[in-house]
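This report describes the surroundings of the ligands, an annotated region and one selected residue. The sequence and structure come before the details.

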Amino acid sequence: MDASIALIREIDALLPQTQCGLCGHRDGCLPYAKSIAEGEEANKCVPGGQPVADALATLLKRPVLIAEPSVWDIQSDGRPQQMKAVIREDECIGCTKCISACPVDAIIGSGKLMHTILTDLCTGCELCIPPCPVDCIDLVEDTAPVANDEQRIKVQDDLRHRYYAHIQREEKYRIHRKGPIVRAEIDAAFFAKFSQELNNVPAITLTEKVAESPALDAKTTIELAKLRTQIKKLEKQLSLRADEKKQLQLSELQQRLNELLEG
Ligand code: SF4
Ligand code: SF4
Ligand code: SF4
């Protein structure tokens, strides 16, 4: 493992793995870790608060900076209050938008069915709230006891693992997805590269890009549209009454259409 990857890994190990993007890195803790290694200030992790800013300053031998403030009160461990999301299930329309937004796959449900959040897994990152079209997700205070250092490392490792698995799944379905991709900014190639260096996260493999059909020029597009309309018209007429001349005309139009489509 080269030195820069080892440093990114050490920095990432101190970040909460909430993957919330509040540090300004929309696709999570690892890109922020990379940016810190490249010189960005190490006090921007909002859920990590002052303890994370201090730990990073020590690791990097940099001056201690005041951590970015959170909107929540500070807990007994010096970090901002841990929150959880809760779906008002009777209002949920089952649109599934929150599922792809959740970086740690804490939401279960499927199309047109009520969704629910697995509160043990939810980090309170809030990423599921903006995509919800009916605004039926609330944030509530997490009443679980504040984690000690050992428990926190275990939770962070689990969240990191879940995030890599999430990226791998999103990557796999990316080219087949019909619905909106809520977290389209994830740099899957960067995570894929990093996942090869670690043995405690799922390896991410990139989905091969399907060769795109060459863009059609405007003239061809118009001709295609005309041909399709003529074909439809003839097919309708022939479905009502057989006509040899029209059948021949239809074959010619279909052949021309195929020629244009094949370029
Ligand atoms: S927990 Fe959120 S703010 Fe902190 S490093 Fe990770 S993505 Fe950034
Ligand atoms: S359920 Fe919502 S708040 Fe909880 S981790 Fe997932 S996206 Fe974040
Ligand atoms: S985004 Fe909102 S309405 Fe859609 S499935 Fe999730 S909670 Fe239900």
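The model is predicted. The shell around ligand 2 divides into 11 nonpolar residues, two polar and one charged. In total, 14 residues surround ligand 2. The closest of these are Ala85, Cys102, Cys122, Cys125 and Cys128.

Around ligand 1 there are 16 residues. Thr18, Cys20, Cys23, Cys29 and Cys45 come nearest to ligand 1. By class, the shell of ligand 1 holds 10 nonpolar and six polar residues, with no charged residue.

The two shells are set out below by residue class.

| Ligand | Nonpolar | Polar | Charged |
|---|---|---|---|
| Ligand 2 | 11 residues | two residues | one residue |

An unreviewed UniProt entry carries the annotation "coiled-coil region" for residues 217-251. In the model, residues 217-251 are 89% helix and 0% strand.

Leu260 is part of helix 8, which runs over residues 244-262. Is Leu260 buried, partly exposed or exposed? Leu260 counts as partly exposed because 14 C-beta neighbours lie inside 10 Å, and a residue would need 20 or more to be buried, or 12 or fewer to be exposed.

Leaving aside residues up to four places away in sequence, Leu260 touches Thr220, Glu223 and Leu224. Val134 is 126 residues from Leu260 in sequence. In space, the C-alpha atoms of Leu260 and Val134 are 45 Å apart.

Terms used
Residues numbered from 1 in each chain as written. Chains lettered and ligands numbered in written order. Predicted model: local features only at pLDDT ≥ 70, side-chain atom pairs only at ≥ 80, totals over all residues. Helix = DSSP H or I, 4+ residues; strand = E, 2+ residues; numbered from the N terminus. Contact = placed C-beta atoms within 7 Å. Near = placed C-beta within 6 Å. Nonpolar A, V, L, I, M, F, W, Y, C, P; charged D, E, K, R; others polar. UniProt positions renumbered as here; feature names shortened; annotations may be inferred.
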